[in-house]
Amino acid sequence: MADIKVPVEPFRIKVVEPIRQVTRRERETLLKQSGFNIFGIPAEKVTIDLLTDSGTSAMSDDQWAGIMSGDESYAGARNFFHLEESVRSIFGFSHVIPTHQGRAAERLLFGSIVKKGDSVPNNIHFDTTRANIEILEARAENMAAAAAYDPDANQPFKGDMDAAKLKKFIDKRGVERIPLVMMTVTNNSGGGQPVSLKNIKETSEVCAHYGIPFFFDACRFAENAFFIKKREKAYAKKSVLEIAQEMFSYADGATMSGKKDALVNIGGFITLDDDALAEKIKNLLIISEGFPTYGGLAGRDLEAMARGLKEGLDEDYLEHRTAQVAYLGGLLDQAGVPVFKPFGGHAVYILADRFLPHIRRAQYPGWALTVALYREFGIRAVEIGGVMFGQKTGKGKEEVYPELEMVRLAIPRRVYTASHLRYVADSLIELHKNRDKVRGLRIVRESPFLRHFTAQLEEI
Ligand code: F0G
């Protein structure tokens, strides 16, 4: 067996938060009460929480110090100007508009330029970008290259857009029906895979050719830039900051959830150059998010994000972060647990349909795996499969399932140590040995948008 290197944490732990033991019986009761939906489980009843890497980061001592310097003025707080400086130094766009999180940025951007009947291409839309487009009665189109859907293809940039397909699509649909093109880095719904700079340039050229604005969904831009440094030869000697700057130089703007690579618990922003569009966004923002220099955040939150954005580009941190993902993925892979490869930036993705081949897609094997992981080991993970993305668009309105049926083990930033990850790996390996006992589920109640958050299910 190959030796898997233990990632040594590049930080010391100054503040700790207890993890309480929960019995299997208690978990069984909680599962029933929650309608077999792990979103309904109280976090204190979770042993290792890999539900998301979003907003779950541990902030640094410097960020916490920044919290104390929050200027809570309604307009023009100094922390806004710090954030503006921080964003401009990385993204390079003139307007910086804070929002309370990423989906608010999406809603404001799309609400300002997307009309009913439009199409918005992306490599693969995340659920909130999709929902924010569909609620405007427009269409969210996925254009990732074929490798994105092949969990075994050993390619370095499986987040890449299929630029030829995009071009064809624009020709067919008509430029006037496509208000913008998005690019998600890293590609969360496709295994957290990075996009190459080569592909960013190509996609940007297609958009420029048609005069269509090109925006990043930039949540995990630092992890993406780090992969470019490691995997794209021409960039090996550049700093991650320089790579990020180059990525954004090919775009017209970005939406950002600060809850990922800006290492904060809350916050986001939109950044762009277009003055007229920025004004439209700010007008819309005032209705729901607040004044444009705070966008739904406290001054202290703006400060934490201003500092976190820079920390998120630290290369020792990024080396460790990606090594943690590769460590967990490597342990699982070595033991024969089916995983998406290569390992991405923020999570390990289990191929749930291969893990549980006896459960049909209609009985949601990914969801079943999340239930079993919590029941047996107190580990919380998220299904990225039939419940999250299934759509009743079949001929007889039957459900059509997404290409991949996965369970994501998202790793919060700077929160868990290598021994926590070892526990997760051991648990999954044991569950894999006893996989025959896991049962499928059916949905008994669901909402029309983002149903996975609140769906109620029962075991079959
Ligand atoms: N875009 C991507 C690619 C995301 O992964 C997320 C959030 C968002 C946009 C929305 O940002 O949560 O700040 O409103 N992803 C989280 C996740 C929820 O678990 O992957 P938000």
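Start with Phe248, which is buried at a relative accessible area of 1% (buried is under 20%, exposed over 50%, partly exposed in between, with a 1.4 Å probe and protein chains only). The model is predicted, so local features need pLDDT of at least 70 and side-chain atom pairs pLDDT 80 or more, while totals for chains, interfaces and linings use all residues. Residues are numbered from 1 along each chain as its sequence is written, and side-chain values use heavy atoms, without hydrogens and water.

Next select Phe216, also buried, with a relative accessible area of 0%. Keep Phe91, Phe214, Phe216, Phe221, Phe248 and Phe269 on screen together: they form one aromatic cluster.

Now display all the ring pairs. The structure holds 11 aromatic pairs; rings of Phe, Tyr and Trp (its six-membered ring) pair if their centres lie within 6.5 Å, and planes under 30 degrees apart count as stacked, over 60 as edge-to-face and the rest as tilted. Select Tyr74 and Phe291: the ring centres are 5.8 Å apart and the planes stand at 45°, so this pair is tilted. Tyr74 is in the loop between helix H2 (61–68) and helix H3 (78–91), and Phe291 in the loop between helix H10 (275–288) and helix H11 (299–311), so the pair ties together parts 217 residues apart in sequence. Helices (H or I, at least four residues) and strands (E, at least two) are DSSP runs, numbered from the N terminus. Tyr74 counts as exposed at 54% relative accessibility, and Phe291 as partly exposed at 31%.

Go back to Phe216 and Phe248, an edge-to-face pair with 5.3 Å centre to centre and 85° between the planes. Phe216 belongs to strand E6 (residues 214–217) and Phe248 to helix H9 (residues 240–249), 32 residues apart.

Last, select the second largest pocket, with about 800 Å³ of space. A pocket is an open set of points on a 1 Å grid over the protein atoms alone, where a 1.4 Å probe fits, with protein on both sides within 12 Å along at least five of seven lines; lining residues have an atom within 4 Å of a point. Its volume is the space filled by probe spheres set on the points, which are joined across faces, edges and corners. Of the 32 lining residues, Arg130, Met388, Phe389, Gly390 and Gln391 lie nearest the centre. H5 gives the most to this lining, four residues. Domain 1 (24–53 + 314–459) and domain 2 (61–311) both give lining residues, so the pocket lies between them; the domain bounds come from an automatic or database assignment.
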